[in-house]
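Thanks for coming. Please have a look at it first.

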Amino acid sequence: MGRRGSTGPSTPLLLGLGAFMLLVGLGLGLLLSQTSCQRKQKPAPPKLEAEPKSKPESKHPAKVVEPVKPAAAKQEPAAALPKFALVVDDLGYAAPELVTRLCAQPIPFTVAVLPYQEFTRESANIAFEKGKEVMLHLPMEPVGYPKANPGPGAVMFNLTEKEIRERVRKALDAIPHHTGVNNHMGSRITPDKPRMTWVLQEIKARHDFFVDSRTEKDSVAFDVAKELGVPSVQRKVFLDDDKAFAAMEKEWDRALAIAKKEGEVLIIAHIYPETVEALEKLIPRCRGEVKFVKAGELAK
Ligand SMILES: [Zn+2]
């Protein structure tokens, strides 16, 4: 009895101790499982952040971290290459089939679309869907007017300031997806500081960049754009003044030489069937030699 009495109280004590240990163990287990959840959850947000960044580069969302590396590695040699910006002017009246054929070129480039033409909206939409940059090709009065006609809704020299501003705004509204503007003709307007100021102030209000096509050597457009703080760039070469392939090839090579010498070049072509055909030969030829960029990337 005495023995039982002595062992008696120790058994509940042991049981109590056991139960206590079990509780402590459970508590610890729970605590650990919670911290491990937190540990698991914490690295998750960077994964989610990395995913959208890697998406344009890769179509494999399952590989979250890997696509970032090759993209960064690819950019290094490409950044060292001279930048080559191709702008194709006068879209709007060309058949959508020709625009689709042009936009099949697997490089970044820019199209400039005329307002109020039969295929204005369709052309801008095709180019945008193919990932190309879209600009308004703003018609402006040339010196040779009316023999040379810039087309409907053009910025004409004898219009008032109010009328010119309205015409620019209306033309901008006519082009979907535009992020920049360049001039179509315009040799009567681009040397005129007041008129170019009105035009460029309207462009600035839309946060667009400006490409001076340099159809007139005395153009002040680029300087006025700089003064107003509109990101801008000037054309260096016209590809297809002569539509013979040999002539276009010569201009293309001249642009390549300028790019290599100066680090960048902007070349303007037109949506002629001959030009589209020539580009299909010329573009694949110099891959690896230059980095094709959209015009907006050269606008500073
Ligand atoms: Zn033009």
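How do H4 and H5 run relative to each other: roughly parallel or roughly antiparallel? Keep in mind that this is a predicted model. The axes of H4 and H5 cross at roughly 20 degrees and come within 9 Å. An angle under 35 degrees counts as roughly parallel, and therefore H4 and H5 are roughly parallel to each other. From H4, the contact is made by Pro96, Val99, Thr100 and Cys103, and from H5 by Glu122, Ser123, Ile126 and Ala127. The crossing of H4 past H5 is right-handed.

Now some background on the whole chain. It holds eleven helices and nine strands. It has 300 residues, and 35% of them count as buried. Take the contacts with a separation of 6 or more: 69% of those in the chain are between residues 24 or more positions apart.

Back to H5, which covers residues 120–129. Its buried residues are Thr120, Ser123, Ala124, Ile126 and Ala127. As a reminder, an α-helix has 3.6 residues a turn, so residues three or four places apart point the same way.

What do the buried residues of H5 pack against? Three strands are on the list: S1 (83–91), S2 (110–113) and S3 (133–140). Two helices are on it as well, H4 (96–103) and H6 (161–174). Just after H5 comes Gly131, with a positive phi of about 85 degrees.

In soluble globular proteins, nonpolar side chains tend to be buried together. The largest nonpolar core here has 67 residues, and Val87, Val88, Leu91, Val113 and Leu266 touch the most other members. S1 gives the most to this core, with six residues. As for Val88, beyond its neighbours within four places in sequence, its contacts are Leu102, Phe109, Val111, Ala112, Ala269, His270 and Ile271.

Last, one residue elsewhere. Ala246 is in helix H9, residues 245–262. Is Ala246 buried or exposed? There are 8 other C-beta atoms within 10 Å, and 12 or fewer counts as exposed, so Ala246 is exposed. Ala246 and Ala278 are 32 residues apart in sequence, and their C-alpha atoms are 9.4 Å apart in space.

That is what I had.

Definitions and conventions:
Residues are numbered from 1 along each chain as its sequence is written. This is a predicted model: local features need pLDDT of at least 70, side-chain atom pairs count only at pLDDT 80 or more; totals for chains, interfaces and linings use all residues. Helices (H or I, at least four residues) and strands (E, at least two) are DSSP runs, numbered from the N terminus. A residue is buried if 20 or more other C-beta atoms lie within 10 Å of its own, exposed if 12 or fewer, and partly exposed in between; C-beta atoms are placed from the backbone. Two residues are in contact if their C-beta atoms, placed from the backbone, lie within 7 Å. A nonpolar core is a set of buried Ala, Val, Leu, Ile, Met, Phe, Trp, Tyr and Cys residues joined through C-beta atoms within 7 Å. Axes are lines fitted to C-alpha atoms, for helices over the stretch in contact, and angles run from 0 to 180 degrees between N-to-C directions. Angles under 35 degrees count as roughly parallel, over 145 as roughly antiparallel, 65 to 115 as roughly perpendicular and the rest as oblique. A crossing is left-handed if the near helix is turned anticlockwise from the far one by less than a right angle, and right-handed if clockwise.
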